[in-house]
Amino acid sequence: KIPDDNKKDENRNYNLNLSFGGGDDLFTNKGYLRGSVNMGNGNDTIVSSGGIRGGIVMGKGNDTLEIKQNNDWKGSGVIDDAVSLGLSKNVDTGESGDINNVLLTGKTIISFRNSLGFGTPDQCGTKNTNGGYGCRWGDVGDEGVGYSYPAITGSLGRDIITIDSQQSGSPAEIWGKVDLGSNNDSFVVKSDGSVKVYGNIDFGSGSDLFTNDGEVELPGETQKDGSVLSGNILMGSGSDIVTTNSYISGPGYIDGGDGEGDLDTINFSASDSEIHQFKVGKVRNFERANQLSGRWDYDGDYKAAGIGTMTIEGGQFLILDSEQATFDHFVIKAGEIRASLESKDSAPLVSDTFDYQGGQLVISAAEQTEPEGVYTVIKSESQSEMNQLAANSELLYDGDEKSGSFSGLGEANGIQDSAVYDVYLQQGSLQLVVDKKSAPEVIADLDCSDP
């Protein structure tokens, strides 16, 4: 009870800080907690569909943190402070053998204390009014300071964050950086998952895994000087694997890291029929890039971005506009290269070396006012591989409504049913030749053609 001479304190907000000791503890929250939670030692679990306005420290042990948003009230699924999977807000605390799981379900929000407000931005208050702290996201302190706030800090053990069950247009939101630190950590977005991250996802050292089967956005904010600030996905040192089914939207990029001896891999895999763009500005420092399935549009200098080997194992590898796609080493095992010929002066696909193991090349002839000439389709030093690919190539023309196949290099192996032009492939590295036939040849071909 508050003493009578301190009745004014009844109008103040008080924190209730929960601290658990050893043992395998469970904390379930369906309401509102103003205060922190420290789970202590043991294999602990937090399940919260309510709101928590305070920090969470999971402590030592194999812990589980499940945050769920259930639409019961505007504070459901909100954590309005930092989440630590170790012993403190410092990254890499706890035991190296610990395994910690974080599951964000529905439109959950994690934001460093008052950086966003509780439930809605207009509830932040100011330092001199209700709320006490004021919104810290970009409006207090240095411009863009919110991107450096620690929203989630990892432990010394293995940390796994899973995003799942978000409705369309209602992603989970992480306001601040995710700093997972050392060990083999994972960030997984399920097929019905969607998340916006306003800060870096920093994996630190270890063989880490980033998997996107849903939707990921790295939003940017324009600063006073006109620059755009955003978070990035930083895989750090170690041999890491990134797999994505779609474009990572927003200005942020994915960096495989540049640790000595690392073998970082990025996989492009999609099951729908949509064309997914993955521009060169989105990726850097991956020794291997693999297209496993789906339709993906490429352009830019991937060699300069640190992509060592590009391998096509399925789906369509698309070069659809006047931009080139440039690689160090290119391998096709299956699937299809589809190149649009927009110019006689520029090869759509350029690779220092080329390895043909299977699959086919489809050349899409753009509308040309003067189609005669020589078009370089692929430029590479691996001429013998080009010769093999030529026998597994076809040309689409007349708005991609008609097609003709090549059986190899040279005029004799060109398209046989063309009445007006000789169309064939030749060396140097792989070139498409379109020659207008002489009048007698045209007449002879028309005489032999179907009425």
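**Burial, rings and strands in a predicted model**

Q: Why is threonine 265 called buried?
A: Threonine 265 has a relative accessible area of 5%, and buried means under 20% (exposed is over 50%, partly exposed in between, with a 1.4 Å probe and protein chains only), so threonine 265 counts as buried. This is a predicted model, in which local features need pLDDT of at least 70, side-chain atom pairs count only at pLDDT 80 or more, and totals for chains, interfaces and linings use all residues. Residues are numbered from 1 along each chain as its sequence is written, and side-chain values use heavy atoms, with hydrogens and water left out.

Q: What makes the approach of threonine 265 to arginine 288 a polar contact?
A: The two side chains come to 3.1 Å, and a polar contact is a pair of N or O atoms within 3.5 Å (within protein, one must be able to donate a hydrogen and the other to accept it, and residues adjacent in sequence count only if both atoms are side-chain atoms), so the pair meets the distance limit. Threonine 265 itself is found in strand 27 (residues 265-268), where strands are DSSP runs of E with at least two residues, numbered from the N terminus.

Q: Why is the pair of phenylalanine 187 and phenylalanine 210 called stacked?
A: A search of the whole structure finds 14 aromatic pairs. In the pair of phenylalanine 187 and phenylalanine 210, the ring centres are 5.8 Å apart and the planes lie at 25 degrees, whereas rings of Phe, Tyr and Trp (its six-membered ring) pair if their centres lie within 6.5 Å, planes under 30 degrees apart counting as stacked, over 60 as edge-to-face and the rest as tilted, so this pair is stacked. The pair links distant parts of the chain, 23 residues apart, with phenylalanine 187 in strand 17 and phenylalanine 210 in strand 20. Both phenylalanine 187 and phenylalanine 210 are buried.

Notes:
Helix = DSSP H or I, 4+ residues; strand = E, 2+ residues; numbered from the N terminus.
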